[in-house]
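Trainee: Can we go through this model together? I'd like to start with the pocket.

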Amino acid sequence: MMSSNERLLADARRGDEHAFSELVASYRPALQAHCYRMLGSVQDAEDALQETLLNAWRALPRFEGRSSLKSWLYRIATNACLKTIERRPRRVLPIDYGPAADPHDPLAAPLLESVWLEPYPDTGVELEDQLASPVARYEQRESVELAFVAAIQHVPARQRAVLILRDVLGFSAKEVAETLEMTPAAVDTALQRARKTADERLPARSQQATLQALGDERLRELVGGFVDAWERADVDSVVAMLAHDATIAMPPQPTWYRGRDAVERFLHSVALAPGIRWRLLPVSANGQVAFGEYRWDETTRRFIGRAVMVLTIADGLIADITAFGSPQLLIRFGLPERLEP
């Protein structure tokens, strides 16, 4: 007797688009997260996912079932990502783009090219989590953290694919070899090189481990204190929550600052300068603490969405503030474009 998936596959191979949509629906969140890890951009990941599904639909009559449908879809998605990588520069954070700025200098002009890493809404990870074990869920969230995604953008494309397929998704060396048309021995070599490159850029502790060790109560205190201080433009209180070598970055501007003193000067003169008012809406991005950031606009008399801000925590303090300045990102996170006073 055929299972429901087998029936859907048979119907889809006969040209039933509805059956195909049902067949791939459960794979979509995980495939999109895979494309995001490869590409570092939500928009690029969505484009690669759409290309994957289109290519899968076209190739479905030739799918012979020698591998699982999951492996087959990941093969198509990985190759779609590799083609995208060939066409554009890698995505980075400002900290990887250039040196820290002098807080006495003016802000550099924003770079409008597609060079910046983007934050990833945790709703995608949560959908990916639904059938996973608690350990697997923890590992999936680690694999979309900003530090991890930023680190693997420095890994050559095919090595990056090997790393994600083997270490994040748990594919065997044989499956990865078939996906990338390599030998299993070449896969093992590529994996070792990819791990070495990534490890050189990764922090000693993931955000998942850090937040778990911090505990829910202390995290609530830290987040609540930060929101209160930021909305009151209380620079001293914000600075008191920062690690000694904390950074603040604001892509698409390449300018970023390192160290409490530099961040404090920037907050006093720019971000939290007199007359500037903010509201923060909690959201979750990349498995980390994050907010939608809204700035008061006197003309409309409303708070207008400006950025998605992601915090990185270390030792109970804020190590990094990264404000991704793109109002379009708010829509992807399901946030409103503006807030009433």
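Trainee: Which residues lie nearest the centre of the largest pocket?
Mentor: Ile95, Ala147, Pro203, Thr312 and Asp320 lie nearest its centre, out of 30 residues in the lining. A pocket here is an open set of points on a 1 Å grid over the protein atoms alone, where a 1.4 Å probe fits, with protein on both sides within 12 Å along at least five of seven lines; lining residues have an atom within 4 Å of a point. This is a predicted model, so local features need pLDDT of at least 70 and side-chain atom pairs 80 or more, while totals for chains, interfaces and linings use all residues.

Trainee: Which helices and strands supply at least two residues each?
Mentor: The helices are α6 (94-97), α9 (146-152) and α13 (207-214). The strands are β1 (242-249), β2 (256-258), β5 (302-314) and β6 (317-324). Both kinds are DSSP runs, H or I of at least four residues for helices and E of at least two for strands, numbered from the N terminus.

Trainee: How does the lining divide into nonpolar, polar and charged?
Mentor: The lining of the largest pocket has 15 nonpolar, eight polar and seven charged residues. Asp, Glu, Lys and Arg count as charged, Ala, Val, Leu, Ile, Met, Phe, Trp, Tyr, Cys and Pro as nonpolar, and the others as polar.

Trainee: New topic. At what angle do α2 and α4 pack?
Mentor: Helix α2 (residues 17-25) packs on helix α4 (residues 42-59) at about 125 degrees, with the axes 12 Å apart. That angle makes α2 oblique to α4, because under 35 degrees is roughly parallel, over 145 roughly antiparallel, 65 to 115 roughly perpendicular, and the rest oblique.

Trainee: Which residues make that contact?
Mentor: From α2 come Glu17, Phe20 and Val24, and from α4 come Leu53, Ala56 and Trp57, where contact means heavy atoms within 4.5 Å. Five of these residues are nonpolar, none is polar and one is charged.

Trainee: And α5, at what angle does that cross α11?
Mentor: Helix α5 (residues 69-87) crosses helix α11 (residues 173-180) at roughly 50 degrees, and their axes come within 9 Å. That makes α5 oblique to α11. Ser71, Arg75, Thr78, Asn79 and Leu82 of α5 touch Glu175, Glu178, Thr179 and Leu180 of α11. By class, that contact has two nonpolar, four polar and three charged residues.

Trainee: What about α5 with α10?
Mentor: The axes of α5 and helix α10 (residues 157-168) come within 10 Å and cross at roughly 150 degrees. The two are therefore roughly antiparallel. Thr78, Leu82 and Ile85 in α5 meet Ala157, Arg158, Arg160, Ala161 and Leu165 in α10. This contact divides into five nonpolar, one polar and two charged residues.

Definitions and conventions
Residues are numbered from 1 along each chain as its sequence is written. Side-chain values use heavy atoms; hydrogens and water are left out. Axes are lines fitted to C-alpha atoms, for helices over the stretch in contact, and angles run from 0 to 180 degrees between N-to-C directions.
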